[in-house]
Structures are given as structure tokens and as C-alpha cells.
Amino acid sequence: MEYLKHRPLLTVCTCFAGAAFCLRLLSAWGKLICLLLFAVSAAALILLRTLLRPGRKPSLSPVLPILIGLFAGCLSSWLWFDVHVADMTARDGEQGTLTATVTDVTYTSDYLSLYTAKAEEWKGEAVSFSVLLEIPRDCDAEVGDLITLSVTLSLPPEEDNGFPTRSYYASDGIFLVATGDEEGEVAVTPGNGGIASRLSRLSSALSARLRLLFDEERGGFLSGILLGRRDDVTDNVKRDFRFLGLSHILAVSGLHLSVLVGGLLIFIRIFRAPPWLQLLSASVMIVFFAALTGFPASVLRSGIMLFLTLVAFITGERYDPPTALALAAALILLLSPNAVTDVGFLLSVSATAGIIALGSPLASFLLKKTAKSPFPIKLLGKALAAMAVTVSAVFFTLPFSAWYFGECSLVSPFSNLLFLPLTGTMLLLALLTLLLYGTPLAGLFAASTGDLAGLLLHMAEKLAARVIEPISLRFTFTLFAFFLSALAFLMLFLLGKKRLVTLLVPIVVFSAVFGGSYALYRHQTHGAQSIVAVNILKNDYLLLHENGKTLLCDMSDGSYSNLKSAAALSSAVLNDSSPDGLFLTHLHRKHINSFVRLADNHRLSYLLFPSPYDETTDEVAEALTREAEKRGVTVIPYSSEAGGVIAFGGFTLTTTPIGFLDRSVQPLCSLTVKGNGTLVYLGAGMTESPLWEQVLPTADSADLTLLGIHGPNVKVPLASPPGGTVLVSNSEGNEAYGTAYDRVRTEERFYRLILFQKPS
């Protein structure tokens, strides 16, 4: 309390941000009750101080700033989420004419155009809110253009195949989807060249320039980290940086802004610019960079703190990092309350808090202890100090990483130590390349930038292929470890221990509890086999898991969006960061693109598919082999005529020969999985095929039979049920087979987890 007593601004801002973050979970009535309690408490304190004699007047610091911050945060949350957002979401289901300004072009094709837009008029009345605009046709609109059309407003889906869609859009301030009529007219009025439109065109032009100067991979990489255009970064680069715990490098943040502003200040100081001009130039750069990258919360946070740092330096005042961070967070939440749902904002604030509270003091301690040591020890001290900063940031962001991503890279401290200095140098060189574009010097800087970008990408690729995968945090004991860590912190804080001890002990407690629990979990589950059955429309998938390895079995039309959703269950359900292999029961042309994208997003080791069985699949097999070899994925073919028997850990997968019905071009597929139990998958149409007699004895003796829906339409009902437990892919399967079995997809979840226990 003594620390807060002399920092009223820090107290108010911290309490405001904390209340805005935590109290949003309360209902509207709960917030109103809190507002009343905070107001009454503050009034009672002020009245008590007024009534008592001078010698007995209680101090209002820091209790009054705490109450003021809590009251303001609660009021802001109530006004935004329970008044403003509630008013918008109440429009769910309304139909009418919408006029909106395009703020971002998300996706365009012949059959669908997707935009982020700001509503200007709704049913002839002036309004102001953001929507996701879906137009079921091609619509040639750019950022800044005005679109008028008839739409139906609706809430975004709560989730899409496990992805929290509604929360994702809410973090960008989007609470409604505006879906255009299929036959309605769409009027597009060219924009007036506003600031948003010009910045969008400038960002696109700079991105195109980078990709012209370099190849697609290096240019996209530079565009992503310099301009915030993350979609320009190729999937394989995102995967490698994720495995190394370097995803934050691909998102514009304080690192990027500090490098750019630092480079600018070095340049203008060469000409001995006065302090006020340095501050003005840096401020312009901060605002321009934030606007160019779309005002992400991480850039706004770092921009505000950097501005305060420069003001303190020029005026000679003391810069207080905790107060600057609290003020930056409070200002962002005041201007954009929905930032509390933005993972970028939460990670940025928590990482900075970790660096300020623990990283910097620990780094200073290590540097001080090794300052007078021999050069090797001094160098080691600097390396340990840098790692201490990284570990502190990682630990403070761990709760949000566990909640949003469910994983953490164990090599992050080492990879950050290696990559961050090179990244800063590359950013500065890339900026100089763009600023001097068209001059002789640009070629020199471009060559250095390209070489450095290529080196970073090569290092990331090679290292990511050798390090262990990110460790899952989706365990019950993770919450227990966090609880014990928080309890240790609270006890040490109340006992008045030193700050380093108070913050270091919780890290040790969490690491010991989580590490010990994880080791025990792996020991107990060693040899256990899990199977996840997934159905998405007429596509079926199985995920086989044993001892940290996962095989994704694909019985589908090859659509990537469905395959991606199935692969995501490796992390969400099986606590494995990604599938290790892909098994195809048959071949479609779509499998080529799907495999490429899946391999670029996950670290696949092998691809299994049947030998070609017609001219089309011959081309597909050649393309799959070629793309797999490019990515270092081992190809394992099996016979489509005789079927295949393939081992995966303790599992044995057996397929029947690929067959066809006279009335359909869809191949028939069957898969038997034997491990500590037996599962049989029977694709649609099998009851009409001679293959049915071949697989029925196995199905009769299986522990579980899954009646799939992928393949030819079912025309012949199921004559007699197989033995053991039987599941169907979905309700359509029950209707087709004339059965009433449990479905794989239920109202609560879209998978059924089957655990084959360890053999006794």
C-alpha cells in the first residue's frame, strides 16, 4: 500500500484496467450493484474525513484512488457491454437497407465477397457500428467505398468447428453479421479518398514493393513484420515460428515500433535536431505506424509508453514504467473497451508487466553480479540477463496462452535470444530499403535485408524441424499449478518479502507442479491409445493417438476447411500440438491443395495414400509425391487393388481394396483399426458392395463399428447390426441405414472420444 500511496495515477489506472477486464463477466445488475458499492464507499470515506477532527482525519490515499479506478472501470464496462453492445445485438434478425463504408477487404470470389465495414445508415437512420458484411456474389469494392444493399443482421456463430468465432470478431469490435440478399441489388459508390483508404492503398503498395524486391516467402515475411500484414506471411513460416515460440515476432508490437522510432531518432540526431523536434518526429512516426498497421492494441500500448519515455527524457522528469504501462492500458480500454477480448492486447500488456516487474530487476541483478568477472563470465551474464527478460515475459503471458492457444514452446527463451537481435537489425534495414527505394543506396540495403531475412527463415526452418513440439497446456493440473503459483505469490506479498523472491518463487512453484504433473500424466498414459471420430457434413475423419503421436485418417472429399477442423482436434482434444501423419483412404484432386496447406501448417512426417486406381488419381498421386518430397514428408503408398496393412505405433490399419458401385463415381472405403481394441469404419454404400461380406465378420467381432456417411448415397438399409458398439456419423446416417444409433456429432460436441486402455 505504501508503494501505491505515492503513485495515485498508477493506482487509478491499474484499478480501472482490472475492473474493465474482470467485471465484464458480471451481469448488468451485478455491475450496477458494484457501481453503487464503489460510489457509496468513496462518499463515506470523504464524508468521514470531513466530519472528524483534523488530528484524526484518515488518509484517503490510496483507498480513494482505488475506488475511483474501480468505479470508472465498472462504469465503462457497463456502458459498453451492457448498453452499447446490447443495443447492437438486439438488432439480431432485423432486415433492412444498410449503407456502410468498407474498412477491410477480407475475401472476394465469384460466389462470395466478405468485407469488414462501418455502418453509416440503417433503415434510413444514421448509425455507427462495425459489421461483417457478407455479399453472396462477386462485388468489386475497395477500402473506403460506400456499399448500399438490403441485408439481414445476425449474431456471428458462437463457434465454428471448435473455433470461438464470436469472441474473435468481438475483439475487433464486430458484433453483427450483415448478410446480403442473393437477388438484391448492390450499389457501390467509390470512396472519397479518405485517410483509411489512402493508408490501405499505401500498405498494399509497400507490401507489393517488398515482394517485388524479394521472393514471395521473404517479401511476405518482411511485409508481415513491418506492415502488420500477417496474411502475407506463408503458412510454413508461421508454423516454424510457432514451434520456436517466436509468433510474437510476426505480429507488429513494441519491438517493431521501438526499432523504427529508434532508427528515426538516430537519423535526425545526426543533424542535431532540437529536443522538441525529436519528440514531434517520433510522435508522428508512432501515429503513422499505428495507422498503417490498423491501430493494433500492441502497437498502441507500446506507442503510448514510448511517447511517455521521450517526454520524460526531454523534460528531465523521472520515467516510471509501471505507471506508463497502467496509463497506456487504461487509455486503450477507455477508447476501445472491447480490447479486453483482444488476445493481442492481453499478451502485450502481460508480457510488458512481466518485463517491468521481474525481467528488468533480474537482468540488472545478473549484470551487476558479473560486471567485474572475466569476459566469458560477463558474456554469459548478458545472455542469462536476456533470457531472464524472455522467461519473465513468457511466464506472465502463460495464463492467456493457456486459455487462448493451449500450448507453450519450451525453447522460447533460447530462440528469442538468438532471433530478436537479428530481427531488430533486419527491420531497420527493411525500413531504409523502403525509404530509399529508387536510389543507388536502396540496392545495398535491399541485398542486406534479403540475406538477413533468408538467414532467419532458414534458421527457423532447420531449428523447428529438430526441436520438440510446443507442450500442451490443456490439462486440468495446469489450472491447479496456476492456483498454487498465485497462492505462493499472495503469501510472499503479504509477508513483505523482497520483490525478486516474491515473483521468482511462483515461477518455481508453477514449473515444479506442472512439470511433475505432466511427467506423471505421460507415465500413466504411456501405452494408452485414443481414437477421435469426427464427422463434418459428408466427411469423416479418425485421429489415432498413442504416446504423443497422432495420425489423421481422412475419409473425405479432400476439402481443406474440413480437414483443418479435424486436424485442430489433435491439440484441442488429444493434447498434441499437431498431427504427425496423414492417412488417405482414397484420392481426390482436392487432396493436393489440402495436403500442401496442412503440411505447411503442421509438422507432418509422413503421408500414406493408396496407389492410383484411374487416370485422375494417377495425376493426384504424382502431385502428392512431388509436394511431399519438397517438404521432407515421407510418402508411404499402399495397394488400392489388394488393400493395405500399415502399422502406426501399437495400431494396425487395414484397408479393403478400393471398389465402386455401378451407379456412382464415389469410391467405397473401409478401414479397420486394431490396437488395444478393434474399430471398424464402414463408408457409405458398403451394404450394396461385395466388400460388405468381406468386412462384416470383422465388424461383428469389433469393439466399435462406425457407419460412415462419406461415399455413394446409401440405398440399401442395414439388414442386421454388427456386433459390439455401433455409432453413425450423423442423423442422416441413421435415416439412410434405417437405424437409431448414437451419433458421432452431438449437440454438445462434434466428436466421440474412444479410449483404448493400456493392455494389462
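Which residue forms a salt bridge with Glu 627, and how far apart are the closest N and O atoms?

**Entry 1. Ground rules.** I am working on a predicted model, in which local features need pLDDT of at least 70, side-chain atom pairs count only at pLDDT 80 or more, and totals for chains, interfaces and linings use all residues. Residues are numbered from 1 along each chain as its sequence is written, and side-chain values use heavy atoms, with hydrogens and water left out.

**Entry 2. Glu 627.** I looked up the partner of Glu 627 and found Lys 630, with the closest N and O atoms 3.6 Å apart. I call a pair a salt bridge when a side-chain nitrogen of Lys or Arg is within 4 Å of a carboxyl oxygen of Asp or Glu. Both Glu 627 and Lys 630 sit in helix α21 (residues 615-630), three residues apart, which is about one turn of the helix. Helices here are DSSP runs of H or I with at least four residues, strands are runs of E with at least two, and both are numbered from the N terminus. Glu 627 counts as buried at 14% relative accessibility, whereas Lys 630 is exposed at 59%. For these words I use under 20% relative accessible area for buried, over 50% for exposed, and partly exposed in between (1.4 Å probe, protein chains only). The pair also belongs to a network of salt bridges that links Asp 600, Glu 627, Lys 630 and Arg 631.

**Entry 3. Other salt bridges.** I searched the whole structure and got 15 salt bridges. One of them joins Asp 82 to Lys 31, with 2.8 Å between the closest N and O atoms. This pair links distant parts of the chain, since Asp 82 is in helix α4 (residues 63-89) and Lys 31 is in helix α3 (residues 28-51), 51 residues apart. Lys 31 is buried, with a relative accessible area of 1%, while Asp 82 is partly exposed at 24%.

I then checked Glu 94, whose side chain meets that of Lys 123 in a salt bridge at 3.8 Å, N to O. This pair too links distant parts of the chain: Glu 94 is in the loop between α4 and β1 (95-108), Lys 123 is in the loop between β2 (113-122) and β3, and 29 residues separate them. Glu 94 counts as partly exposed at 25% relative accessibility, and Lys 123 as partly exposed at 47%.

**Entry 4. Cysteines.** How many disulfides does the structure hold? I found zero, taking a disulfide as a pair of cysteine sulfur atoms within 2.5 Å. Cys 15 counts as buried, at 15% relative accessibility. Cys 553 is in no disulfide either, as the nearest cysteine sulfur, in Cys 669, is 11 Å away. Cys 553 is buried, with a relative accessible area of 0%.

**Entry 5. Surface patches.** Patch members have over 30% relative accessible area and no salt bridge; like charges are joined within 9 Å, and nonpolar side chains (Val, Leu, Ile, Met, Phe, Trp, Tyr) within 5 Å. Glu 142 is in the loop between β3 (125-135) and β4 (146-154) and is partly exposed, at 46%.

A nonpolar patch consists of Ile 266, Phe 267, Ile 270 and Phe 271, with about 490 Å² of accessible area together. The areas come from the Shrake-Rupley method with a 1.4 Å probe, and for residues only the protein chains shown count as cover. Ile 270 is in helix α9 (residues 254-270) and is exposed, at 59%.

**Entry 6. Helix α15.** Pro 413 lies in helix α15 (residues 412-435) and counts as buried at 12% relative accessibility. From Pro 413 to Val 389 I get 24 residues in sequence and 8.7 Å in space, C-alpha to C-alpha. Thr 433 is also placed in helix α15 and counts as buried at 2%.

**Entry 7. Positive phi.** Asn 547 has a positive phi of about 50° although it is not a glycine. Asn 547 is in the loop between β10 (539-546) and β11 (549-555) and is partly exposed, at 32%.
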